[in-house]
Structures are given as C-alpha cells and as structure tokens.
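I opened my notebook today to look through a protein model one piece at a time. Here is what I looked up, in the order I did it.

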Amino acid sequence: MLVAGVVVVVIAGGASQPALQFQQVGHWFYNVAQKALLHVDGGTKQVDAKVGGVDASAGSTALAGDREVFLVSGKQVVVFGKSTLRVDSKVDVDLEEEPVGLEVVGGPYLVYREGGTIVRLGRALKRIDAGGPLADPVATSDGTVWVQRTTARSLCRLARDAGAVDCPAEVPEGHIGALSVVDDHAVFVDTTAGAAHLLSADGMSDPVRLDVPLPDDARVAAHGVRGRLPVLDPKRNTLLLADVSGLGTKKSVAPVLPVALEAGEYSAPVSSQDAVILLDLTRKRLLTFGPDGQRKADTPLRAESARITRGEDGRVYVDDPTGEHLFVVDGGGRVTPVDVAAESAPTARTEPIPP
C-alpha cells in the first residue's frame, strides 16, 4: 500500500525542478528503512531522486517505462508518473508468485513463470496468456520478449505492442536448454547438444556447436558479451565462456574459455557490456570477469542475500531485498558501492495520497 504524505527529493544540481526529467539510465529500487523509492544514476553512482512515504514490502521491484515508474509489491503495482513522481494509480495484478521484471522498449514487463502470464505495464496494464508455465524470459532491444514453455517444446515471442504470443520454433524432442540474447538476437542454447540456434519470427536456424559439452543443470547468461556466452557449470565449479561470435555465419568456433571457481554455490552469470558478473553465494562476494576470463573485481557483499539486475544502460546493479546496500557494476566490470542514505537539502511535498 502507499501511505499518505509522499515526499519527493531532487538531488541533481542541488535544486528542485518544477518537472523531474530522467534519462533512460540508472536503477530504481525500494528502501525499506527509509520507506522510499530511490533512483541511482549509473554514471555518478549517486542517488538523485527519492520518493518518501512509500509503504511496500521488502524485496519489492521497481521498473521504469518511458513515462512511469512501477513499484511491484506483492500483488499490487503502484504507478508513479515519471515527470512528477506522484502516484497515478494502483493496480491489483492478483497473481501470487514473484515475477521476473524486464525493462525494455514497449514495456516494462512482468513475467509470471509458474502461471504462464506476461503483464505489459503502462497506462493501460495488459495481461497476456503465454500458454503454460515458462522458463526465464529474455528480451531484445526492439521490445520483443522471448519465452520458453516448460511443459511443451514451444519457443514463443511477444512482439512490441502485440496482444498475443506467437511460437515460431520448437525445442528438439528430448532436448533441454535456455534462452539468451547474442548481439541483440534471440538465441536458444541447446544444452543437450552443446549448440546454439538463432531465433526469429520465421523459426530456428541450424545449430552452431559451442565446442564444449554442457551439463543439464548449466545456467546460461541472458546476454552474451563480446562474442562470448557465459555459462555456469555448477557441478564443476566452472564459468564457461563459449564462442558465439560465428552465429549466423560459417565462421569457425574458437575454443571455450574455462574459468575455474572455488567450490561453492553461485548465481547464474549476468553480463554487462564488457564483463561477466557472478555472485559467490557461499562466501558472499561479488565477482566480475572480462570476456577473456580475467578477473576484474572481487568485492565483499554487505548483506545476506542479493539480486542482480541488468539495466538498459548496459550497467549491472546489485542490491539486497531491503534496499540498504547497492553496487553499480560498470560495463568493464568495475564495482562501486552507492551511499543510499546520502542526505539532500531541497525537498518538495506533494498533496497527500488518499489511503
């Protein structure tokens, strides 16, 4: 729920603005202790906007669209106008599970994997039935969302502004795998065959071998990085950087680059523009690597748990469910902590929001 007494704080430039304008960069997140929705600028690594008086649950997800910011708290979505940061509306999604959020042109989207529902957020919320339970989704920069049905072999796409999914491809019978994006093209990674297929509205391309056997429990990054696709082999504690630069061509595949990891539990890899990010969950550390497998940073986490979000600006944001600890990972793998409690001078109060 949103409580009365919303406070907007503008930090950029040291003066409040009559109408707030934000670039499509940075990251919105919810801070439980401050009861505030905060925005961090990915370039300056500073909080540059704050909306106080917001009562939401820990772990609430904030997603930005062209004109609105959406705070997803349980089954409710609170919609803030981006130019004013006042509440425009509150919508009950009425779905119990925690969704996967996607910030992409034409969206953002909430993907409810167990229920097989995709919700397009905007001035008019749109619910789309994807035809059954789903695996992790991916999206390309033109606003196309790709999903894989887990109880069938269908690979389906939701085009920007479309009202329904279409399913132009199928996973080969008896095979498993995951979706990813390579050079802004949707790809199906067949872990059974150790191969990758380009996807399009016309179907699936012929396979390209990845020069490495992949286990059934391989965890594939949602994005490639500089011609390499990061894949975590959890049994062997190895990060595999497979060559995918030749997808769609007849270029020979280069040998895989294996990166040995300490024994333990790791998150799925996430790619920024020029780096691969892993959470070492056993030792509570944030690890970054270059596309060549060289380690860039090894940073202690400040909380018991963390989540990784790839922003539209090519950076990666790592925060915890309380919103107390936040790191910005630049495109090249440099890690910077953000002072989420930094005070600002100017404030402006909106009209109280009715309960």
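**Entry 1: ground rules**

I began with a definition: a residue is buried under 20% relative accessible area, exposed over 50%, and partly exposed in between, using a 1.4 Å probe and protein chains only. I noted that this is a predicted model, in which local features need pLDDT of at least 70 and side-chain atom pairs count only at pLDDT 80 or more, while totals for chains, interfaces and linings use all residues. I also noted that residues are numbered from 1 along each chain as its sequence is written, and that side-chain values use heavy atoms, with hydrogens and water left out.

**Entry 2: the whole protein**

How many helices and strands are in the protein? I found zero helices and 34 strands. Both are DSSP runs numbered from the N terminus: helices are H or I with at least four residues, strands are E with at least two. I then looked at burial and read that 52% of the 355 residues count as buried.

For the surface, I used accessible areas from the Shrake-Rupley method with a 1.4 Å probe, where for residues only the protein chains shown count as cover. The protein exposes about 15600 Å², and carbon and sulfur atoms supply 48% of that.

Next came contacts, meaning heavy atoms within 4.5 Å. Among contacts between residues at least 6 apart in sequence, 44% join residues at least 24 apart.

**Entry 3: an open sheet and its disulfide**

I picked out four strands that form an open sheet in the order 13-14-15-16, with antiparallel pairing. Strand 13 (138-139) and strand 16 (166-170) are at the edges with a single partner strand each, so one side of each has no neighbour in the sheet. Two strands count as a pair if DSSP finds at least two bridges between them. Strand 14 (residues 145-148) and strand 15 (residues 154-158) are joined by four bridges. Across from Gln-148 I found Leu-155 in strand 15.

Then I searched for disulfides, each a pair of cysteine sulfur atoms within 2.5 Å. A disulfide is a covalent bond between the sulfur atoms of two cysteines. The whole structure has one. Which residues does the disulfide join? I found Cys-156 and Cys-167, with 2.0 Å from S to S. Cys-156 belongs to strand 15 and Cys-167 to strand 16, eleven residues apart. The link is right-handed, with 95° about the S-S bond.

Is Cys-156 buried or exposed? I read a relative accessible area of 0% for Cys-156, so it is buried. Cys-167 has 33% relative accessibility, so it counts as partly exposed.

**Entry 4: a hairpin with a salt bridge**

I moved on to strand 28 and strand 29, which pair in the antiparallel sense over five bridges. They form a hairpin with five residues between them, and Gly-293 in the turn has a positive phi of about 90°. I looked up Leu-286 and found that its bridge partner in strand 29 is Thr-299.

Side chains of opposite charge can pair when their charged atoms come close. My cut-off for a salt bridge was a side-chain nitrogen of Lys or Arg within 4 Å of a carboxyl oxygen of Asp or Glu. The structure holds 19 of them. One of them joins Arg-285 to Asp-298, with the closest N and O atoms 2.4 Å apart. Arg-285 sits in strand 28 (residues 285-289) and Asp-298 in strand 29 (residues 295-300), 13 residues apart. Arg-285 is partly exposed at 25% relative accessibility, and Asp-298 is partly exposed at 34%.

**Entry 5: a salt-bridge network**

I traced Arg-334 to Asp-330, a salt bridge whose closest N and O atoms are 2.9 Å apart. Arg-334 is exposed at 52% relative accessibility, whereas Asp-330 is buried at 11%. Through shared partners, salt bridges join Lys-45, Asp-313, Arg-315, Asp-330 and Arg-334 into one network. In it I looked up Asp-313 and Arg-315, whose side chains meet at 3.3 Å, N to O. Asp-313 is buried, with a relative accessible area of 14%.

**Entry 6: a buried serine**

My last stop was Ser-271, in strand 26 (residues 270-271). Ser-271 is buried, with a relative accessible area of 2%. Leaving aside neighbours within four places in sequence, Ser-271 has contacts that include Ala-221, His-223, Pro-230 and Arg-310.
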